[in-house]
Amino acid sequence: MNTETSHKFRESALRAIEIEREAIHALTDRIDDRFVRACEVIMACKGRVVVTGMGKSGHIGNKIAATLASTGTPSFFVHPGEASHGDLGMITSQDVVLGISNSGNTSEVLTILPLIKRMGAPLISMTGNENSILAREAVANLDISVALEACPLGLAPTSSTTATLVMGDALAVALLEARGFSTEDFALSHPGGSLGRRLLLRVTDIMHTGDRIPRVQEDVTLSGALLEISRKGLGMTTVINANGDLVGVFTDGDLRRTLDRSVDIHNTPIAEVMTRNGRVIHDDQLAAEALNMMEELKINALPVIDRDGKLTGAINMHDLLRAGVI
């Protein structure tokens, strides 16, 4: 491939990106009272947001419906052509319809418009033509018009579909924040795969418990503590008092620092060389929080306590790796 051809490829791509960037930037001034009205209508909805659109608008509508549904706004997509042949029964008067059409006059969408109006479902539109039928019939029209399509022929929907997608994301995020939608709420909608594991797993689900917890009494010698570290294989041991309370921790890093001091490992009590008031994590915290703490502190293991401060387990980086949290 010659240099001139390579240059043209890059030039065309950069031009397309710049045109679409400008289309997105133009949306800033359109987050106005009509956008607020659309949010208010959806927040008051007792049913679901039913998204519809034809062709490329339909593809974008599918994505918008999926984003709404995963961020706390029950939503699904209905193909306008299928709606005319039975699927309109999926829409009720309790729903809100979000109709997407760049021209605002797409025949398949307009065909079902009278029936939507008759059943009393509020209509919100996304169009590039404020004077279109769809825009006029809507309680709120979100302007997605663009100055130019990135397609040099002005035919393939490019900038317009990008603007539609971004407007849909803006709507979803505004609703998410208004509902106080949390990380855990999001996880409940995404229980499968690594995302669900990362967001839903608690420390108690994967920690070492019972006899698998590395622990020694505070009067045990350093050599005894090293044997416990080797037996349990977590790179650390917890240190407890006679009442079973956690009083310290001794890690591989503590061992290296101790050996630098030429300490007698057979006669030195672990209480003299352990780390007191070290970091711990509660058993009801998210496993992802344990990961964040370990990464921040540059450590590989943590003692686990309950809300009463009692030692209930231990967790290390390998546990998080096996659980798919990393």
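A disulfide is a pair of cysteine sulfur atoms within 2.5 Å. The model is predicted: local features need pLDDT of at least 70, side-chain atom pairs count only at pLDDT 80 or more, and totals for chains, interfaces and linings use all residues. Residues are numbered from 1 along each chain as its sequence is written, and side-chain values use heavy atoms, without hydrogens and water.

**Exercise 1.** Count the disulfides, then explain the case of Cys-45.

Step 1. The count is zero.
Step 2. Cys-45 is buried (under 20% relative accessible area; exposed is over 50%, partly exposed in between; 1.4 Å probe, protein chains only), at 18% relative accessibility.
Step 3. Cys-151 is also buried, at 14%.

**Exercise 2.** Find the residues that touch the most other members of the largest nonpolar core.

Step 1. Such a core joins buried Ala, Val, Leu, Ile, Met, Phe, Trp, Tyr and Cys residues through side-chain atoms within 4.5 Å.
Step 2. The largest has 27 residues; Val-51, Leu-98, Met-126 and Leu-171 touch the most other members.
Step 3. Elements that each supply at least two residues include strand S1 (49–53) and helix H7 (159–179). Helices (H or I, at least four residues) and strands (E, at least two) are DSSP runs, numbered from the N terminus.
Step 4. A second, separate core has 16 residues, among them Ile-281 and Leu-320.

**Exercise 3.** Describe helix H5 (residues 107–119).

Step 1. H5 bends by about 30 degrees at Leu-113. The bend is the angle between axes fitted to the seven residues ending there and the seven starting there.
Step 2. A proline, Pro-114, follows within four residues.
Step 3. Its buried residues are Val-109, Ile-112, Leu-113 and Ile-116.
Step 4. Gly-120 follows H5, with a positive phi near 90 degrees.
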